[in-house]
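Subject: Structure for you to look at

Hello,

Here is the structure I said I would pass on. Please open it first, then read my notes below it.

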Amino acid sequence: MKTAMSLAKQFGAIEEPTPEIQAEIKRLSREPYLELEQVKNCHAWMYELVISRMTGLLVGDSRCGKTVTCKAFAHRYSKSRQVKGQRAKPVVYIQIPKNCGSRDFFIKILKALKRPSNGTVSDLRERTLGSLEIHQVEM
């Protein structure tokens with residue numbers, strides 16, 4: 001049986017990528033979406049909601065990009081607010097089903113924060129509020 005070193009010598013050294021290939025790798029490593037003007041406007045609006053501690057309702061036609069826009073905002077905003085060593089998650093994205101009761105609502109939030117989601121509605125409410133505070137959720 002050959003050793004890993006002998007196999008590596010047999011194949012030779014790995015060549016460094018050319019500057020053109022490195023530039024292409026860098027280009028392909030960017031965020032996988034194109035930020036359109038309406039997305040920028042929506043993100044600005046969502047940021048204003050966070051700053052002013054208000055809620056908003058994003059309404060649009062089916063398949064127009066509401067979910068992708070919200071997830072991208074949550075990712076970008078949370079990434080910009082990360083503090084080393086803290087469990088901060090300033091924006092939490094959840095999808096609420098129709099006819100969602102308070103129990104289901106609290107469970108969705110707790111699951112998004114990776115917290116236990118069992119107990120009475122009263123327990124869930126307290127755990128949700130505590131978790132939102134611990135994770136420094138703003139939106």
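Helix H1, residues 4-11, is hardly covered: of its eight residues, the number that are buried is zero. Among the elements of the chain, H1 has the lowest mean pLDDT, 77, while helix H5 (residues 102-112) has the highest, 92. Where pLDDT is low, the predicted coordinates should not be read in detail. Over the chain, the average pLDDT is 83, and 88% of the residues score at least 70.

Now the overall layout. The chain contains six helices and zero strands. Read from the N terminus, the order of the elements is α-α-α-α-α-α. The chain has 139 residues, and 19% of them are buried. Of the contacts with a separation of 6 or more, 39% are between residues 24 or more positions apart.

Next, the core. Which residues make up the largest nonpolar core? There are eight: Cys42, Met46, Val50, Cys70, Phe73, Ala74, Tyr77 and Val91. Two elements give two or more residues to this core, namely helix H3 (37-52) and helix H4 (66-80). H4 gives the most, with four residues. As a general point, nonpolar side chains in soluble globular proteins tend to be buried together.

Leaving out residues up to four places away in sequence, Cys42 touches Leu58 and Thr69. Thr69 is in helix H4. Is Thr69 buried or exposed? Its relative accessibility is 10%, and buried means under 20%, so Thr69 counts as buried. Although Ala72 and His43 are 29 residues apart along the chain, their C-alpha atoms are separated by 8.8 Å.

Then there is the pair H5 and H6. Two packed helices are described by the angle between their axes and the distance between the axes. For H5 and helix H6 (residues 121-134), the axes come within 9 Å and cross at roughly 35 degrees. This crossing of H5 and H6 is left-handed. On the H5 side, the residues that meet H6 are Ser102, Arg103, Phe106, Ile107, Ile109 and Leu110. Their partners in H6 are Val121, Leu124, Arg125, Arg127, Thr128, Ser131 and Leu132. Sorted by class, the contact between H5 and H6 has seven nonpolar, three polar and three charged residues.

Which residues of H5 are buried? They are Phe106, Ile107, Ile109, Leu110 and Ala112, and what covers them includes H6. An α-helix has 3.6 residues a turn, so residues three or four places apart point the same way. You can look for that pattern on the screen. H5 is followed by Lys114, which has a positive phi near 60 degrees.

Leu132 belongs to helix H6 and is partly exposed, with a relative accessible area of 24%. Apart from neighbours within four places in sequence, Leu132 is in contact with Ile109, Leu113 and Val137. The C-alpha atoms of Leu132 and Ala88 are separated by 9.4 Å, and the two residues are 44 residues apart along the chain.

Last, some backbone angles. Most residues other than glycine have a negative phi, and most peptide bonds are trans. Arg53 is not a glycine, yet its phi is positive, about 55 degrees. Where is Arg53 found? Arg53 is in the loop between H3 and H4. Arg53 counts as exposed because its relative accessibility is 67%, and exposed means over 50%. Gln136, a residue other than glycine, likewise has a positive phi, near 55 degrees. Gln136 is in the segment after H6 and counts as partly exposed at 37% relative accessibility.

Regards

Conventions. Residues numbered from 1 in each chain as written. Predicted model: local features only at pLDDT ≥ 70, side-chain atom pairs only at ≥ 80, totals over all residues. Heavy atoms only, no water. Core = buried A, V, L, I, M, F, W, Y, C linked by side-chain atoms within 4.5 Å. Buried < 20%, exposed > 50% of the residue type's maximum accessible area, 1.4 Å probe, protein only. Contact = heavy atoms within 4.5 Å. pLDDT = per-residue confidence, 0-100. Axes fitted to C-alpha atoms, helices over the stretch in contact; angles between N-to-C directions. Left-handed = near helix turned anticlockwise from the far one by under 90°. Nonpolar A, V, L, I, M, F, W, Y, C, P; charged D, E, K, R; others polar.
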